[in-house]
Amino acid sequence: MEMTPAHWVYLAGLASLIIVMVARKNVVVPAIVATFLTAVTFTGSVPGGVASVFRASLVAASELFNIFLIIALVTAMLAALRAIGAEHRMVAPFRRLMVNGPIAYLVLFVVTYVFALFFWPTPTLALIAAILLPAAIRAGLSPMAGAIAIAIAGQGMALASDYVIGVAPALSASGAKVSADLIADRALVLSWIVGIVALSMSYLMTVRRRRPSLAAADPGPEMSASVAQPAELIPAGVAAGGGSGGTSEQLRHGLATKQPPREALDDGGPAVTDAVLDDDSSDQRRHDRRAKLFAVLVPVAFGALLVYMLLGRFTHLVSVDDGAGAPLVGGLAALLLLAVAVTSDRVRSLESCAEHIVEGLSFAFKAMGVVIPIAGFVFIGISDFSGRIMGLAEGTTAPGFLFDAIRSVEQHIPNNPFVIIFAVLLAGMTVGLDGSGWAGLPLTGSLSEALSPHAGVDTATLAAIAQNGASWTGGGTLVIWSSLIAVATFCGVSVVDLARKLFLPVVTGLVVSAVVAVIIW
């Protein structure tokens with residue numbers, strides 16, 4: 001394949017993105033500039049290049065809007081649950097299981113993973129830190145061990161597969177051109193491997209070595225302060241809560257949830273607002289009944305949906321279309337939002353439901369908006385999209401800059417699956433250095449498709465490996481400018497120390513998972 005100047009410009013733009021990521025800077029500007037220069041070089045028209053910048057973002061937005069919508073609906077549902085105090089009741093029963101430090105370590109891990117799998121790590125973090133973390137510390141777990149368990153389960157394991165919501169697999173599939181469900185299945189298995197290895201190593205290296213002390217039984221003023229005001233620390237990155245872990249800039253300018261001050265009750269009951277305290281006892285009882293109802297209904301509904309999806313995926317008992325996971329989750333979230341609003345706000349339900357949706361959309365675009373211009377640059381290098389982006393005439397062969405470049409050097413690529421899987425893993429970890437975790441998934445998906453023939457490993461496996469590398473790195477376990485800042489702040493520990501203690505366990509888990517992937521697939 002002959003390389004044209006446009007190919008070299010595209011590759012230079014790709015290299016600039018990687019360099020900027022390594023430098024921990026935002027990659028939106030180089031992505032836009034690289035899109036413009038690539039289009040101008042290929043078409044020879046400056047106005048065409050200007051128009052291509054807009055069309056690239058338009059194509060990316062049209063391809064990814066379903067992701068924005070599901071983030072918005074889930075966030076809106078969580079806001080409605082938070083308004084009635086139901087989110088506290090959902091986790092309160094788990095406090096009774098924390099009888100000692102090791103058990104508390106496992107309970108924190110399991111509960112964080114389950115809730116983060118359905119609601120993403122960032123919204124889950126404030127809830128876990130406010131309700132379960134103080135109980136875990138009283139049981140003898142150190143704040144650092146609690147932070148490790150939460151980070152591995154939420155910012156790492158749940159985010160890396162995003163199995164229920166399906167945002168990350170959809171981003172990877174947009175570049176890899178394979179089934180998002182297939183990528184999700186393999187990413188789930190790999191995330192379990194990384195999580196088990198990291199959790200076990202962290203327990204041996206950190207938790208077991210620490211002897212519980214009287215100081216550990218008291219969260220202390222710093223911990224109490226961090227737990228008391230969770231809303232101020234919720235980052236605007238869903239991947240940590242959902243699309244990505246959120247950069248340090250997002251963490252500093254996080255989305256402030258519009259809710260009145262709350263105070264968790266000692267018995268694990270729901271938080272109540274000052275307005276509710278002023279109501280008569282009958283209104284309070286009705287409020288409590290609604291909170292209890294939805295604290296049970298929401299987990300049961302999502303659990304039933306997960307069972308239905310798994311039956312459709314692995315049995316012939318029900319039929320579930322490929323890629324139906326995200327619409328099912330989004331639709332269920334919308335219906336639950338409506339149910340909460342109608343039963344709680346009654347006359348104001350029409351307005352409150354709309355307000356929650358607007359809040360969710362705002363949150364989604366703050367969290368994932370940065371992905372659009374980056375994905376636009378990635379898409380201009382893929383032949384399926386480049387023609388539309390550059391406005392090429394019907395019948396014109398659209399260029400695939402990335403694949404053409406790889407084909408031009410394919411004779412130099414070693415046909416060794418282990419070399420290629422570690423190259424893909426490193427590429428995933430590199431794009432995760434921006435602190436978001438998911439912004440570069442369309443790119444790693446495209447790279448996986450291009451390298452798959454040389455690796456002897458299918459595209460979905462390579463994409464899942466890269467997705468794990470990007471999510472564990474930027475989602476919030478290895479870099480301190482990600483949502484790991486929020487984890488450390490909630491737990492009252494140093495984010496640098498937390499990242500240092502997570503580094504060896506997580507990297508070891510990623511290496512082990514990549515080797516296992518080659519063996520089993």
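A residue counts as buried when its relative accessible area is under 20%. With that cut-off in hand, let's walk through this structure, which is a predicted model.

Start with two cysteines. C491 has a relative accessibility of 0%, so this residue counts as buried. C353 has a relative accessible area of 12%, and because that value is under 20%, C353 is buried too. A disulfide is a covalent bond that joins the sulfur atoms of two cysteines. A search of the whole structure turns up 0 of them.

Now look at helix α22, which covers residues 484-491. Its partner here is helix α23, residues 495-520, and the two pack at an angle of about 115 degrees with their axes 9 Å apart. Angles of 65 to 115 degrees count as roughly perpendicular, and α22 and α23 are therefore roughly perpendicular to each other. The crossing of α22 past α23 is right-handed.

Next, move to helix α8 (residues 167-176) and helix α9 (residues 180-207). These helices pack at about 125 degrees, and their axes lie 8 Å apart. The pair α8 and α9 is therefore oblique. Their crossing is right-handed. From α8, the residues P169, A170, S172, A173 and A176 meet A180, I183 and A184 from α9. By class, the contact between α8 and α9 holds 7 nonpolar residues, 1 polar residue and no charged residues.

The crossing of α1 and α16 is left-handed. In this contact, Y10, G13, L14 and L17 of α1 meet I374, F377, V378 and I380 of α16. The class count for α1 with α16 is 7 nonpolar, 1 polar and no charged residues.

Finally, visit helix α17, made up of residues 383-390. Which of its residues are buried? They are F385, S386, G387, I389 and M390. Just after α17 comes G391, whose phi is positive, at about 65 degrees.

Technical notes
Residues numbered from 1 in each chain as written. Predicted model: local features only at pLDDT ≥ 70, side-chain atom pairs only at ≥ 80, totals over all residues. Heavy atoms only, no water. Axes fitted to C-alpha atoms, helices over the stretch in contact; angles between N-to-C directions. Helix = DSSP H or I, 4+ residues; strand = E, 2+ residues; numbered from the N terminus. Parallel < 35°, antiparallel > 145°, perpendicular 65-115°, else oblique. Left-handed = near helix turned anticlockwise from the far one by under 90°. Disulfide = S-S within 2.5 Å. Buried < 20%, exposed > 50% of the residue type's maximum accessible area, 1.4 Å probe, protein only. Contact = heavy atoms within 4.5 Å. Nonpolar A, V, L, I, M, F, W, Y, C, P; charged D, E, K, R; others polar.
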